[in-house]
Amino acid sequence: MNKKLNSLIIQTCKGLKNEFSAYSIFVSSYLKLNPKTLFMLSFDAIVVLIVLVFILISFYKEWVGPAFTFLIGVVVLGIFGILTPSEILGGFANDQVFVILMLLLIGDIIRDLGIVETLFDKVFQKATTYRQFMARMIFLVGAFSAFLNNTPLVAVMMPYVHNWSKRNNISPSKLLIPLSYAAILGGCITLIGTSTNLIVNGMVIDQKIIPALGSLDMFSFAYVGIPMMLIGSIYLLLVSKKWLPEKEDVLGEFSENSRKYIVEAHVKSNSGLIGKSIEEADLRNLKGLYLFQINRGDVRIAAVSHEYRLEEGDRLLFAGDTETIADLVLPNSGLTLPTVGMLTHKKHIEVVEIVISHNSTLISKTVKEANFRGHFDAAVIGIHRNGGRVSGKIGEVKLRAGDVLLLLGGDDFVDRSHLVQDFYFISKVKEFRKQEAYKIWLLLGGTVLAVVLSALKIVPLFMTLIVMIIVILALKISNPKDIASRVDFNLALIISLALAFGTAMINSGLAEIIADLLISVFIPLGRVGVLFGIYLITSVLAAYITNKAAVAIVFPISLTIALNLHLNPEPFVLVVAFAAAANFMTPIGYQTNLMVYGPGGYTFKDFFKIGFPLTIIYMLVTVLILSYIYFY
């Protein structure tokens with residue numbers, strides 16, 4: 001392995017040396033033949049350049065959203081006749097746009113079925129040290145991100161990071177940036193690992209610069225993605241604990257300041273908690289839950305010791321927030337909520353918040369007398385009362401105007417409560433859908449099969465994903481209303497308009513002019529130097545605007561450079577994809593970075609400190625591997 005790497009470096013250096021003189025001669029002759037191309041802009045090119053500057057400034061200053069920014073730019077180009085209506089709408093007919101939307105949709109459905117959470121539970125149970133947790137987190141998130149959308153994966157993983165950090169007295173800020181980076185590293189392994197790769201492939205299919213250029217394969221990215229997953233993982237394991245700041249637990253502070261409910265839970269007869277101490281059962285460290293009392297028969301224990309051992313039938317009183325209480329409904333919690341009864345056996349249940357109205361007929365009635373289960377197909381699982389302490393059994397609490405109740409509602413809850421004036425709906429906290437095991441395995445197997453058939457070029461990914469969506473609807477794994485609400489139309493608009501803007505850069509000649517300029521700057525360093533230049537420009541643009549905008553701007557330029565230099569265009573396509581997707585330097589460069597930015601209490605400096613070296617490493621590895629494969 002070391003000999004091969006040394007050989008690669010020596011060959012690259014020799015190539016740079018040999019090419020320097022040849023390419024410098026080529027450059028001088030090239031510039032003499034193309035002075036007008038470099039220094040004279042047509043009216044169309046000037047208009048596109050002005051729109052390009054507007055897009056860059058708008059993204060950086062956050063004047064308007066990404067979709068509206070592209071919309072304004074494309075409309076202006078249409079008014080000046082640089083884009084025809086068919087070219088503006090052409091992006092919406094690109095199958096890669098729909099592939100992205102369908103992949104995001106299937107990823108969300110898999111997440112909602114709880115498959116990912118179940119696997120995470122098993123993997124992280126035995127992680128007792130920082131390095132153990134980090135290694136498992138990076139491996140698992142990276143592997144999943146190669147085939148599923150990494151944004152929901154990071155969202156699912158963040159509570160695990162928070163809980164583990166709290167139990168082991170480690171700041172979550174030591175883990176949240178590595179979580180985001182692991183998702184990015186894994187996403188760069190395959191075509192479907194990140195939407196950026198799919199956008200680039202969509203542009204390859206749409207482009208007319210090199211008509212014979214074929215679309216990218218499923219594992220075209222693996223030659224760089226897999227080595228960088230390994231290198232990036234080692235880098236994060238070595239430097240994260242030392243370089244990342246130790247911030248206060250922002251999520252914990254939020255939890256403490258959020259609305260508190262009183263909830264009563266019982267230790268089930270077959271619970272794994274029986275015989276365990278409070279500390280062994282981790283009941284002291286539940287995110288957003290505080291155990292303040294245990295009732296055993298007629299005995300009430302207010303100050304619960306961490307050595308206190310649980311018995312069957314113990315009644316535990318918690319003060320907690322909405323999300324954590326909702327998790328107590330799950331069967332693997334080891335606890336049962338006495339007011340819920342058979343509701344948990346229904347296929348579809350949801351946790352909602354309501355507030356008792358001032359003219360409610362429920363006022364002065366106990367929770368038991370209100371009979372929520374009989375009247376509304378729901379059960380009260382928590383009560384919040386401002387200005388007064390709620391104590392005792394939940395069923396015996398008398399309701400007051402303004403009480404906020406946390407309910408577990410069945411299928412008929414919405415219909416039964418629609419016309420009632422006794423309470424007002426505040427929010428839906430969580431939704432649970434139970435699916436038969438064969439449906440879950442069919443969904444997972446179908447996803448794997450879709451990837452394999454696409455990788456072997458037997459059936460296009462677009463067709464396999466459509467079949468999967470039909471199967472999901474036919475088996476009622478998700479309903480059509482949910483499907484429609486899950487589709488990210490804003491993302492589809494951004495991608496489609498970005499494709500149109502790329503067409504405008506080609507039509508106006510601006511892409512060729514910028515390509516010529518970049519050739520004059522980087523070609524003295526040879527073909528490898530040109531790849532470095534493209535990577536650097538794309539990476540900076542992606543870090544400070546967005547990766548989608550960076551791809552839209554640089555892709556036509558990169559492809560034009562390949563055409564003008566009579567080189568294989570594939571490395572010029574891939575280098576844009578890697579530079580845009582592998583974005584570590586700023587929180588705004590990638591959506592998962594932004595997700596951990598606030599909860600981790602980070603600053604821009606924190607991302608740059610650990611992300612800049614990783615970006616340089618990624619750039620070096622990408623350019624060296626692509627150069628070795630395509631140029632030598």
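**Exercise 1: the second largest pocket**

H6 supplies four residues to the lining of the second largest pocket, the largest share. The model is predicted, with local features requiring pLDDT of at least 70 and side-chain atom pairs pLDDT 80 or more, while totals for chains, interfaces and linings use all residues. Residues are numbered from 1 along each chain as its sequence is written, and side-chain values use heavy atoms, without hydrogens and water.

Task: describe the lining of the second largest pocket.

Solution. 
1. The pocket (an open set of points on a 1 Å grid over the protein atoms alone, with protein on both sides within 12 Å along at least five of seven lines) has lining residues with an atom within 4 Å of a point.
2. Its lining has 29 residues, with Pro66, Leu491, Ile494, Lys548 and Gln591 nearest the centre.
3. Two or more residues each come from H3 (43-61), H6 (95-112), H9 (150-167), H21 (489-508), H24 (547-564) and H26 (591-597); helices are DSSP runs of H or I, at least four residues, numbered from the N terminus.

**Exercise 2: the largest cavity**

Task: which residues lie nearest the centre of the largest cavity, and which element gives the most to its lining?

Solution. 
1. A cavity is a set of grid points where a 1.4 Å probe fits but cannot get out.
2. Of the 14 lining residues, Leu104, Asn149, Ile192, Thr194 and Ser195 lie nearest the centre of the largest cavity.
3. H6 and H11 (195-206) each give two or more residues to this lining, and H6 gives the most, with three.
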